[in-house]
Amino acid sequence: MKKISLLLLFAISTLSFQACSDKKKESNDSVENAENANDAKEDAGTGQTEESNEFAVKAATGGMMEVELGRMAQEKAQSQDVKEFGAMMVTDHSKANDELKTIAATHNITLPTTLGEDEQKHVNDMAKLTGAEFDKKYVSMMVDDHKEDIDLFKKAADDEKTNPAVKEFATKTLPTLQKHMDRISAIDKKID
């Protein structure tokens, strides 16, 4: 009887621990939580569209990562060009992030409050690098990231039909992203 009671207690403890562990796992990714909250709003018939919500979440996440990596570039980069580009990322993406937060609050779009797991992994990987190695990886990452950003923002600027504020934000932000792309491409040519 004692063995059965201990075994039962152990089983309950294990299940309780697993349930807590699963809950913790679910709630750790701010991006996933924002997407789930927006999905629930869409399902509730609030008039929100999946496209607007997805764009806002991706734009917010990318912007937060670029600010974080920009700060890191200012501290860790060897090249003055890379340091200056990092400063531009902090300034421009902080401003864009603030504008997007205002739009999201007005239109009841949930944005992530912290980096998602993928973005945090990029930040963690970059934190391990210094000097020329940091510069090369950062520049490469920013070239790739800005190509994706420009595509994302062009699509929202061209195709967004239900949320004029999201369309306007995408349209207004595109020239800044193109400026970033031009600058980081020039830096990339110097570094190679």
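How many residues does helix α7 have, and how far does helix α7 reach from its first C-alpha to its last? Helix α7 (residues 164-191) has 28 residues and spans 40 Å between those two atoms, close to the 40 Å expected at 1.5 Å a residue; the expected span is 1.5 Å times one less than the number of residues in the helix. Here is a short tour of the model, starting with how it should be read. This is a predicted model, in which local features need pLDDT of at least 70 and side-chain atom pairs count only at pLDDT 80 or more, while totals for chains, interfaces and linings use all residues. Residues are numbered from 1 along each chain as its sequence is written, and side-chain values use heavy atoms, with hydrogens and water left out.

**Overall fold**

- The protein chain has seven helices and zero strands; helices (H or I, at least four residues) and strands (E, at least two) are DSSP runs, numbered from the N terminus.
- Read from the N terminus, the order of elements is α-α-α-α-α-α-α.
- Of the 192 residues in the protein chain, 41% are buried, where buried means under 20% relative accessible area, exposed means over 50%, and partly exposed is in between (1.4 Å probe, protein chains only).
- Among the contacts in the protein chain with a separation of 6 or more, 76% join residues 24 or more positions apart; a contact means heavy atoms within 4.5 Å.

**Helix α7**

- A bend of about 35° sits at L174 in α7, and a proline, P175, follows within four residues; the bend is the angle between axes fitted to the seven residues ending at a residue and the seven starting there.
- The buried residues of α7 include L174 itself, along with V166, F169, L177, H180 and M181.
- The cover over the buried residues of α7 includes α3 (50-76), α4 (80-106) and α6.
- N163 caps the N-terminal end of α7, with a side-chain oxygen 3.1 Å from the backbone nitrogen of A165.

**H146 in helix α6**

- H146 belongs to helix α6 (residues 131-159), and H146 counts as buried because its relative accessibility is 0%.
- Not counting residues up to four places away in sequence, H146 touches E66, F85, M89, H93, L177, H180 and M181. L177, H180 and M181 are also among the buried residues of α7.

**Pocket and cavity**

- The largest pocket has a volume of about 460 Å³. Of the 18 residues that line this pocket, the closest to its centre are M65, E119, D145, E148 and D149.
- The elements that give two or more residues to the lining of the largest pocket are α2 (30-43), α3, α5 (117-127) and α6. The one that gives the most is α6, with eight residues.
- On a 1 Å grid over the protein atoms alone, a pocket is an open set of points with protein on both sides within 12 Å along at least five of seven lines, a cavity is a set of points where a 1.4 Å probe fits but cannot get out, and lining residues have an atom within 4 Å of a point. Grid points are joined across faces, edges and corners, and a volume is the space filled by probe spheres set on the points.
- The structure holds one cavity of 30 Å³ or more, and the largest cavity has about 70 Å³ of space.
- The largest cavity is lined by A60, M64, N97, L100, K101, L111 and P112. The elements that give two or more residues to this lining are α3 and α4, with α4 providing the largest share, three residues.

**Individual residues to look at**

- N97 lies in helix α4 and is buried, with a relative accessible area of 12%. The N97 side chain reaches the backbone oxygen of G63 at 3.4 Å.
- Leaving aside neighbours within four places in sequence, N97 is in contact with A59, A60, G63, M64 and V67.
- N108, in the loop between α4 and α5, has a positive phi of about 55° although it is not a glycine. N108 is partly exposed, at 43% relative accessible area.
- R71 is in helix α3 and is partly exposed, at 41% relative accessibility. R71 and G86 are 15 residues apart in sequence and 6.2 Å apart in space, C-alpha to C-alpha.

How values were computed: Polar contact = N/O pair within 3.5 Å; in protein donor to acceptor, adjacent residues only side chain to side chain.
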